[in-house]
Amino acid sequence: MKEKNTFKELVVECLKNNRRAQAALYEQCFPALMKVCRRYRRQDEDARSLANASYLKILLNLDKYDVEQPFLPWAMTVAVRACIDELRKNRNYNEQILLSDEERPFRDDFKDSISNDVLETISSEEVDLIMNELPDRQKMVFNLFEFEGYKHEEIAEMLEISVRTSKRLLHMARETLRQMLIRRYDLKDVI
């Protein structure tokens, strides 16, 4: 049985409030939800909580899902939006200091300066550990831009920040990651 058909059948049963189908759907999509949420939350407990909240949103909005479309991309989009909503609700987000345009110059021509050969030798677990050290706002913008493929205008709208702030946070995240890689892997010769 194809996975797509399995999801389709489970969704149809979930819409009928079939608890077993809801549990089966949870088991099948939870690893993908956790993968998304781990990109946005430092602590595993927080990521798990966010993945569970995402699944609840998925269940509550299943009637909006088109069963003819692939399920996991839709579910992962719901998870990304749940992560964004959580960041907005987090009071620390509102208390963080925003840099004005005049306080810090921004280089829009920032180029990746880490060799692809070096990046290929680092495991995904190591990348996750390094990513978890980024400040939340930088991590959010970096993930939305690099992994989810959003444009700065879209990120700015979602996070209720300016486009310039989105660009600056991406630049800061890249620079922070670059510095971490230099320190951890003694990459001075290749960067």
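Look just past helix α9: E160 takes a positive phi of about 60 degrees there. Helices here, like strands, are DSSP runs numbered from the N terminus (H or I, at least four residues, for helices; E, at least two, for strands).

A word on the source. This is a predicted model, so local features need pLDDT of at least 70, side-chain atom pairs count only at pLDDT 80 or more, and totals for chains, interfaces and linings use all residues. Numbering runs from 1 along each chain as its sequence is written, and side-chain values use heavy atoms, with hydrogens and water left out.

Back to α9, residues 152-159. Which of its residues are buried? They are H152, I155, A156, M158 and L159. Seen down the axis of α9, these buried residues fall within an arc of 165 degrees, so they line one face of the helix. The arc is taken from the directions that run from the helix axis to the C-beta atoms. Buried means under 20% relative accessible area, exposed means over 50%, and partly exposed lies in between, with a 1.4 Å probe and protein chains only.

Next, charges. Side chains of opposite charge can pair when their charged atoms come close. I call it a salt bridge when a side-chain nitrogen of Lys or Arg sits within 4 Å of a carboxyl oxygen of Asp or Glu. How many salt bridges does this rule give? The count is 9.

Start with K8 and E68. Their closest N and O atoms are 3.0 Å apart, a salt bridge. This pair links distant parts of the chain, 60 residues apart. K8 is in helix α1 (residues 3-15), while E68 is in the loop between α3 (44-60) and α4 (71-89). K8 has 29% relative accessibility, so K8 counts as partly exposed. E68 is at 49%, and therefore also counts as partly exposed.

Now E13 and K16. They form a salt bridge too, with the closest N and O atoms 3.4 Å apart. E13 is partly exposed, at a relative accessible area of 29%. K16 is exposed, at 58%.

On to R178 and E175. Their side chains meet in a salt bridge at 2.8 Å, N to O. Both belong to helix α10 (residues 163-185), and being 3 residues apart, they are separated by about one helical turn. Is R178 buried or exposed? At 18% relative accessibility, R178 counts as buried. E175, at 23%, counts as partly exposed.

One network to flag: salt bridges link R38, D44 and R48.

Last topic, aromatics. Rings of Phe, Tyr and Trp (its six-membered ring) pair if their centres lie within 6.5 Å; planes under 30 degrees apart are stacked, over 60 edge-to-face, and the rest tilted. The structure holds 7 aromatic pairs. One of them is F71 with W74, a tilted pair at 5.9 Å centre to centre, with 45 degrees between the planes. Both lie in helix α4, 3 residues apart, about one turn of the helix. F71 is at 3% relative accessibility, so F71 counts as buried.

F142 and F147 form an edge-to-face pair, 6.0 Å centre to centre and 75 degrees between the planes. F142, at 10% relative accessibility, counts as buried. F147, at 44%, counts as partly exposed.
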